[in-house]
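Keep the sequence and the 3D view open while you read.

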Amino acid sequence: MNVKPLRTVVIGFGKMSSTYANDPVMAKYYPYATHAQVLVANPYFEWLAVVDPVEAAREDAQNCWKIPAVADVKDLGEQVSEIEVAVLATPPESRIGIIDSLPNLRAVLVEKPLGRSLKESIEFLESCARRNIHVQVNFWRRADAQFQQLKAGVLRELAGEIQIAHGIYGNGLLNNGVHLIDFIRMLFGEVESVAPMGKYIPFNGSPIIGDINLGFVLNLENRLVLPIQPVQFTHYREVGLEIWGSNGHLAILNEGLTLAHRKKEANRGMSGEYELAFDKASYLTSTVGDALYRMYDDLAIALHTNSAFCSPGESALRTATIVEAVLESHRQKEVICINEFMDVVC
């Protein structure tokens, strides 16, 4: 696609924007772990500036990435009118003010959560819609090449008709649980209702203040019942799925780095029966290291061709609603229907 690069600013220059690039272990598997790594490499974007109130973050931008950095959007001067895309890696409460300061903004790439509440999330999306600003939310699994293939039919080819699945996450419902819920929606379809499961598990570690770990059940519109349970990241990290189909099993583990497939074979313990060959796994190629780059590609292509975004704000709002319904189901100790809940809270 031979087009003029989109003039871009990064607002909020912390871990996801820059410093994850300094992790040597992460670098082995994630060549594009940060917004900065994508922006210096992707020809669809022209990275103009960084905005961050923290001096160390501005020094990082200037010294490590050779990008001008200012403390506030108003300090961008004449560049304010040039900016077409804003990467928002800021606390949600500041975002409406930011977009109001960028008069020619065409799109934003937003880190979750959209808002501190559903009301705040809706206000942000409405503010963008009034100015025809497109919203792409960084649920990066939606941009991953292998996961898109699973959604397009490869999952059914490998596993057959899905019988059961279960999910694992940790380090907070609002932090990683929201990613898992959105991934489930991507692969299996919409959630009809949610139900509580187990007790609240106290923990420390989520980057989101007040976040908790909860077990819960997603009841999908296609009648799949999907339990999700948390693990403590102090022992090990995991955000993953195990899927049991009529013809096979697929495990998506190590946060997407491992995709292990087991076929159905003749049962070794009883004649005329079958089993899943867990001792004969084959592995799909993981592409999660390039997913963030592809998220940017998707944004650029959608803007230039007027096509659909892979992770639009409207979809992210439904995921946020499901998360809020999970919390409400635990408070009320009852099943919450998503559509009815949306009518009440949205």
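## Cysteines

Cys310 counts as buried, at 14% relative accessibility. The cut-offs here are under 20% relative accessible area for buried and over 50% for exposed, with partly exposed in between, using a 1.4 Å probe and protein chains only. Cys128 is buried as well, with a relative accessible area of 0%. Cys310 is in no disulfide, and the nearest cysteine sulfur, which belongs to Cys128, is 17 Å away. A disulfide would take a pair of cysteine sulfur atoms within 2.5 Å, and by that rule the count is zero.

## What kind of model this is

This is a predicted model, where local features need pLDDT of at least 70, side-chain atom pairs count only at pLDDT 80 or more, and totals for chains, interfaces and linings use all residues. Residues are numbered from 1 along each chain as its sequence is written, and side-chain values use heavy atoms, with hydrogens and water left out.

## The parallel sheet

Let's go to the strands. Helices (H or I, at least four residues) and strands (E, at least two) are DSSP runs, numbered from the N terminus. Two strands pair if DSSP finds at least two bridges between them.

Leu6 stands opposite Phe45 in S2.

## Around strand S10

Strand S10 (residues 225–231) is joined to strand S7 (residues 162–170) by four bridges, and the two run parallel. Here Tyr169 stands opposite Pro230 in S10. Strand S9 (residues 213–220) pairs with S10 too, in the antiparallel sense and over four bridges. Phe216 has Ile228 in S10 as its bridge partner. S9 and S10 form a hairpin with four residues between them, and Arg223 in the turn has a positive phi of about 80 degrees.

Gly167 lies in strand S7 and counts as buried, at 3% relative accessibility. Gly167 touches Leu180, Leu226, Pro227, Ile228, Gln229, Gly240 and Leu241, not counting residues up to four places away in sequence; contact means heavy atoms within 4.5 Å. Glu123 is 44 residues from Gly167 along the chain, and their C-alpha atoms are separated by 31 Å.

## Two nonpolar cores

A nonpolar core is a set of buried Ala, Val, Leu, Ile, Met, Phe, Trp, Tyr and Cys residues joined through side-chain atoms within 4.5 Å. The largest one has 77 residues, and those with the most contacts inside it are Val108, Phe124, Leu150, Phe188 and Leu218. Helix H7 (residues 173–188) gives the largest share of this core, nine residues. A second, separate core of 30 residues includes Val10, Phe45, Trp47 and Ala69.

What does Phe124 touch, not counting residues up to four places away in sequence? The list is Leu88, Arg95, Ile96, Ile99, Val108, Val110, Leu114 and Val135.

## H6 against H7

Helix H6 (residues 145–159) and H7 pack at an angle of about 35 degrees, with their axes 9 Å apart. The axes are lines fitted to C-alpha atoms, for helices over the stretch in contact, and angles run from 0 to 180 degrees between N-to-C directions. From H6 come Phe147, Gln148, Leu150, Lys151 and Leu155, and from H7 come Phe183, Met186, Leu187 and Phe188.

A cis peptide bond joins Lys112 and Pro113, with omega about -5 degrees. Pro113 is found in the loop between strand S5 (107–110) and helix H5 (118–130).

Then there are two non-glycine residues with positive phi. Asn132, with phi near 60 degrees, is in the loop between H5 and strand S6 (134–137). Glu255 has a phi of about 55 degrees and is found in the loop between strand S12 (248–253) and strand S13 (258–266). Are these residues buried or exposed? Asn132 counts as exposed, at 57% relative accessibility, whereas Glu255 is buried, with a relative accessible area of 18%.
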